[in-house]
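Subject: Structure for you to look through

Dear colleague,

I am handing over the structure below, and after it you will find notes on what was found. Please read them with the model open beside you.

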Amino acid sequence: MSDVERFLARFEQFGREASPERYEDLFDPSEGTVLHPGMTAPLPRRQVRAYMATYLAAIPDFLFEVESWAERGGTLFVEARNRGTVGGEGLEWRTVYCVTLRGDRVLRGRAYADRVPILARLLPDMTLAQAAALGAPAPGLDVSDGSGPDGAP
Amino acid sequence: MTDPAEFVRRFATFWSAPEPERLSELLTPDVTLVQPLAPRTRGLAAAEASFRGLFALVPDLRASVDRWGAHGDAVFIEFRLRGTFAGRIREWPAVDRFTLRGDKASERVSYFDATALLLPLARRPLAVWRWWRSAPR
């Protein structure tokens, strides 16, 4: 079994039975990091257990299935179909994980998903400005203030 | 079975100077497009209409490929979109997952977090409305 296959098996197990401990176990013990939507900087492994505990507190029945994956040049893409009860109703959404492995553990992970449907369920009274603030982008979203030649509205 | 590297090359070429009329170089006539913030579209004409609306909103929108991978008929492309709207140059990362049929894609699902784009879009409600309306349902 290859490192990719071992990682996918562990990741699918996490998807069936999500827990902070299983999540932490996906990462390289010394240098693993992950960047989820809304984070402004990668989260080190020592903080991922707390992150997942918070996530599962909001969506206790969260689970996912791997729908497709691809690997090339040390980068693994994994597309997952997620399910869970959000704001009192069942919701299904998808995420793509873009992962660099060290052995069979995540060295650098990044998740791509749209949080708008989830936030709309969790915080139905949230204003647009509040939602945008929660969407603090990864570095680089606002590249300029529009005063230069490329900045015309 | 098409060479996925060739598809990725065409994707990068398209996004270096994107024109809706050239989507047919990448997409099948019955293609399905799924993306945040905009309705799902089906068919090349609907895809072209949606992209026309998008480029009316962000005329200088471009993309550059960072990484990609392929397995079976699935191709994943991680890339960065960059363009000006609501008075600022904005850049955000995304992943597109394509399902290939022959040398073109019959499905494209786009993954990115639209949360941070909500406020800038809200500052251009008329333009957003036109974009939204541009995609036939």
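The buried residues of α1(B) pack against α2, β3, β4, β5 and β6 of chain B, where buried means under 20% relative accessible area, exposed means over 50%, and partly exposed lies in between (1.4 Å probe, protein chains only). Helices (H or I, at least four residues) and strands (E, at least two) are DSSP runs, numbered from the N terminus. This is a predicted model, in which local features need pLDDT of at least 70 and side-chain atom pairs count only at pLDDT 80 or more, while totals for chains, interfaces and linings use all residues. Residues are numbered from 1 along each chain as its sequence is written, chains are lettered from A and ligands numbered from 1 in the order in which they are written, and side-chain values use heavy atoms, with hydrogens and water left out.

The buried residues of α1(B) are B:Phe7, B:Val8, B:Arg10, B:Phe11, B:Phe14 and B:Trp15. Because they cover an arc of only 160° around the axis, they sit on the same side of α1(B); the arc is that of the directions from the helix axis to the C-beta atoms.

Helix α1 (residues 4-16) of chain B lies across β3, β4 (74-85), β5 (88-101) and β6 (104-111) of chain B, and runs at about 165° to β3(B). Axes are lines fitted to C-alpha atoms, for helices over the stretch in contact, and angles run from 0 to 180 degrees between N-to-C directions; contact means heavy atoms within 4.5 Å. Helix α2 (residues 44-57) of chain B also packs on the sheet, touching β1, β2, β4 and β6 of chain B, and its direction makes about 50° with that of β1(B).

The sheet itself is open and has six strands in the order β2-β1-β6-β5-β4-β3 (chain B), with mixed pairing, two strands being paired if DSSP finds at least two bridges between them. β2 (38-42) and β3 (62-71) of chain B stand at the edges, each with a single partner strand, so one side of each is left without a neighbour in the sheet. Strand β1 (residues 27-35) of chain B pairs with β2(B) in the antiparallel sense over three bridges, and B:Gln35 has B:Ala38 in β2(B) as its bridge partner.

In the loop between β1 and β2 of chain B you will find B:Leu37, which counts as partly exposed because its relative accessibility is 27%.
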